[in-house]
Amino acid sequence: MAGVSGKSRAPRRSFNSSERIGLFLATGGRCAECGKELEPGWHGDHMEPWSKGGPTDVINGQALCPQCNWLKGTNSMANTVGLRDWQREALERYHSRNGGENGNFLVVATPGAGKTTFALTIAQDLIGRGIISKIVVVVPTKHLRRQWAEAGANAGVQLDHRFENGDGAVGRDFDGVVVTYQGVAASPALWRRIASSQRTLVIFDEIHHAGDGENLVWGDALRESFEHAARRLLLSGTPFRTDGKPIPFVTYDKERRADPGFSYDYGRALADGGVVRPAVFPAWDGKSEWRRSGQMTVSSVELSEAEKDDLPPALKAALDPDGEWIPSVLKEAHDELLKMRIDTPDAGGLVVASDQFAATAYAKILERIAGVPVPVAISDEPNASEIIKSFAKGDAPWIVAVQMIAEGVDIPRLGVGVYASRVRTQMFFTQVVGRFVRMRGEDDPTTARLFIPSISILIAFAQDIEKTVDAVLADEEKKVREGQGEGGGGDGLFPAYETVGSSVATHHATIAGGSKYTTEQLVLAQRAMALNGPAPASVTAEYVAGLLSSAGMLNVQAVPGQWHGPTDTEPLSDQKSKIRKLIHRKVSYLAVLTGRPHIEINGELNQLLGNKVQTADLGQLQKRLDFLSTAIEREKNK
């Protein structure tokens, strides 16, 4: 593809008619790989890939059936190295359906899963096979134009993100172009010509935005512009419905929900590991007061008690930067970010604001709290993309944005967020959550925290996500503890949500469970503490009693779900790896419950057990796991 270093390549990718005839005759009309008789639609394949400098010449060509060409593509290191399992599975599904019904293929994948990488892989594959020769990527915001161009460049695909409708044509040295939905709607005839002049793959990023736009004209514009494109790949971070005019190229089920060709949801991504983080949602209550226009009477209500009609003014009052609610939430969020930065020094926070005025005011509040400048990213400003890019690569603690950063933007270091938007749709909320759950590798210790107003609808959205987390982690723990191949259920490790009173900034645990200890047992724990010298203030007698009981040094009723031993057939290294991962998650959860950094918890366990998790044997790992389980149950029962 254009811009790829290596050998000089021919200016055209596809074999012409006479060359295809030559390739066909050279194999007697049969596939050069499997020998099957070629049918219409057979592929003219570059034996040395065009993307690696292979010439478009019959001496470098062969006639292949589509299946063999697909197998060659999937076995190609360039196509599969670095791909996640779901991306390989989706790639196979895409090709098995020949690009979907009428050339339309919808992929719904949770934010952070790697939709961009998947789409670029499809594009490379189709170009290499000569099925398409140009790419058009349609995105919701201007910032995403640059992000796609940068991702494309890293993959060897050159996309023009500066193209304007007035330019008329895309430069020949580009593999394609990135445009916004608004840009397409402004000149559908232009884009119809661009997409029809060559065999074009159109990639719709966050296709549900095609239902946006003034008077819903975006959908009509997309249909007019791209109905004659060779292929259309549709991407979305969340399942979506149509509550009015259907979005072009999307197939819907009987419940009017989009019917994807492939789906990869948050639960599956969490279970796979290394893709998304768990998340918790501190919910903040408080009294809101407002006066309706033309009235003297002041209305007031607690956020958690606001009914449907009072919800909009109550939420607006709470998010008013001149009130007391939002400054107190920002202060608590900053305190949580400081704790997170002990373990992850560059961890960042994001406030999603409703409008430019509020965003600027929130930034000033955070500057007073944090003592450092806080950037504000506003989509209408030309430097918004640079602000986001600079924040993503730096280590500044906070950034405030207006809606635009809620989807598609990749800032893996985000760990703490404040939902200060008045938007109350599940799709938008899920997209915001997606900004914080993207993992930075399997050893990422972060449990994301998104502070939300304690209004019922947002709490319901958070609970939906937490139910998934609970189910996945309970299943994971059951597999590790019982050594079974399948399993599930249980109460899970993470609380559904936390309720916090903003007026006094106090934290309340709401999940019950665990063991109870007698006075005598606590006295024994205190003696044990004394024998080990001064202990941190955060280490209580109850905490030590829990550790001692799990070690069999106190006669306390066992916590349900103890380790039952490994299977006989599983390699020891795999057994230890599974336990280490579960230990890692439990340390992360205990850090959330106690407000103590991971390094402090791990250090205390190392001292108590006399070993480190990296070098501990299987029995020592089991004991560490039991210590953590008891400590967690004790914290949850406070």
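Predicted model: local features only at pLDDT ≥ 70, side-chain atom pairs only at ≥ 80, totals over all residues.
Most residues other than glycine have a negative phi. The loop between α4 (85-96) and β3 (104-109) also holds asparagine 98. Here, too, phi is positive, at about 50°, in a residue that is not a glycine. Asparagine 98 is exposed, and its relative accessible area is 55%.

We can turn next to a pair of helices. Helix α5 (residues 115-128) and helix α6 (residues 142-154) have axes that come within 10 Å and cross at roughly 55°. That angle makes α5 oblique to α6, and the crossing is right-handed. On the α5 side, the contact is made by Thr116, Ala119 and Leu120, and on the α6 side by Trp148, Ala151 and Gly152. Sorted by class, the residues in this contact are 4 nonpolar and 2 polar, with no charged ones.

Helix α14 (residues 384-393) shows two faces. Its buried residues are Ala384, Ser385, Ile387, Ile388 and Phe391. These residues lie on the same side of α14 because they cover an arc of only 160° around the axis. Ser390 and Lys393, on the other side of α14, are exposed. The buried residues of α14 pack against α6 and against the strands β14 (348-353), β15 (376-377), β16 (398-402) and β17 (414-420).

Note on methods. Residues numbered from 1 in each chain as written. Heavy atoms only, no water. Axes fitted to C-alpha atoms, helices over the stretch in contact; angles between N-to-C directions. Helix = DSSP H or I, 4+ residues; strand = E, 2+ residues; numbered from the N terminus. Parallel < 35°, antiparallel > 145°, perpendicular 65-115°, else oblique. Left-handed = near helix turned anticlockwise from the far one by under 90°. Contact = heavy atoms within 4.5 Å. Nonpolar A, V, L, I, M, F, W, Y, C, P; charged D, E, K, R; others polar. Buried < 20%, exposed > 50% of the residue type's maximum accessible area, 1.4 Å probe, protein only. Arc of directions from axis to C-beta.
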